[in-house]
Amino acid sequence: MTVYFIGAGPGAADLITVRGARTLAACQVCLYAGSLVPRELLAECPPGARLVDTAQLDLDAITEELVRAHREGLDVARLHSGDPSVFSAVAEQMRRLDAAGVPYEVVPGVPAFAAAAAALKRELTVPTVGQTVVLTRIARQATPMPEGEDLATLGRSGALLVLHLAVRYADELVAELLPHYGADCPAAVVAFASRPEEVVLRGTLADIAEQVRAAGLTKTAVILVGRALGASHFRDSHLYSTERDRCPAKLGQSAPGAQGGQAQPHGT
């Protein structure tokens, strides 16, 4: 049978996708991280489903559960917080399932950075201000960062940074980013995004670390740093601009990216 890696979303039970909820409701086995996945989601599992909290299991034990269910002819919902494509530890599970010959599929979820942006009521890509978002973390008690992916290197780009698993090291990351972004650069922290206990902090690199300390935040938070967070004076997106009427493709002329005589959408 099939293992389904399902993105459970950032925390709120109703932020799982429709496909994720439907898949969960059809699986006879559910493996979930009890410390991260909302318990309310387990109500979506079918009656009699085998529920396995993986919080205390290592990778070998988790793999054994997945392979066991496959051998029993049972579909498995493997619930991960956020979206499986980012900091989810799904890659090593896939590698082991490939070796065991167990089929699997991935159901995307709402990532933490998207929920954080929603809480801040901010678009992370703003015309003429910032069009690049870097999702990263820092290495302290986790796997070392690859060469060239340290904050000093990434900070030189000036792109909006979204830092996962870093809130307890706020002072250190501020020190590394100040030379590249400046003390007045907007910064924010969103903890427990989309949950009832959500905490939103807004400030600059000059004061965000102190705000984190005052709020007592140590986990389940993302830090965002970049000029787009505070942008108010910027050109409207070209997507809805009347200037689009002057594009060559609109005038019946050939334009890069146009196919079959139709203009392709313009981005921001």
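Let me start with Ala-89, which is partly exposed, with a relative accessible area of 41%, and which is found in the loop between β4 and α3, the latter spanning 90-100. Although Ala-89 is not a glycine, its phi is positive, at about 60°. Please keep in mind throughout that this is a predicted model.

Now to the charged residues. Asp-75 sits in the loop between α2 (59-71) and β4 (76-80), and it is buried yet has no salt bridge, the nearest side chain of opposite charge being that of Arg-50, 12 Å away.

Glu-65 belongs to helix α2 and is buried, with a relative accessible area of 17%. Leaving out residues up to four places away in sequence, Glu-65 touches Leu-31, Arg-50 and Val-52.

Turning to the nonpolar side, the largest nonpolar core holds 29 residues, and those touching the most other members are Leu-161, Leu-163, Leu-173, Leu-177, Val-189, Leu-205 and Val-225. Two or more residues each come from α5 (151-155), β7 (160-164), α6 (170-181), β8 (186-191), α7 (208-215) and β10 (221-225), and of these α6 gives the largest share, five residues. To take one member in detail, Val-225 is in contact, neighbours within four places in sequence aside, with residues including Leu-160, Leu-161, Leu-177, Tyr-181, Pro-186 and Leu-205.

Finally, a word on confidence. The mean pLDDT of the protein chain is 89, and 90% of its residues reach 70 or more, but over residues 250-268 pLDDT stays under 50. The model does have 25 contacts beyond four places in sequence for that stretch; however, where pLDDT is low, the predicted coordinates should not be read in detail.

Technical notes. Residues are numbered from 1 along each chain as its sequence is written. This is a predicted model: local features need pLDDT of at least 70, side-chain atom pairs count only at pLDDT 80 or more; totals for chains, interfaces and linings use all residues. Side-chain values use heavy atoms; hydrogens and water are left out. pLDDT is the predictor's confidence in each residue, from 0 to 100. Contact means heavy atoms within 4.5 Å. A nonpolar core is a set of buried Ala, Val, Leu, Ile, Met, Phe, Trp, Tyr and Cys residues joined through side-chain atoms within 4.5 Å. Buried means under 20% relative accessible area, exposed over 50%, partly exposed in between (1.4 Å probe, protein chains only). Helices (H or I, at least four residues) and strands (E, at least two) are DSSP runs, numbered from the N terminus. Lys and Arg count as positive and Asp and Glu as negative; His and the chain ends are not counted. A salt bridge is a side-chain nitrogen of Lys or Arg within 4 Å of a carboxyl oxygen of Asp or Glu.
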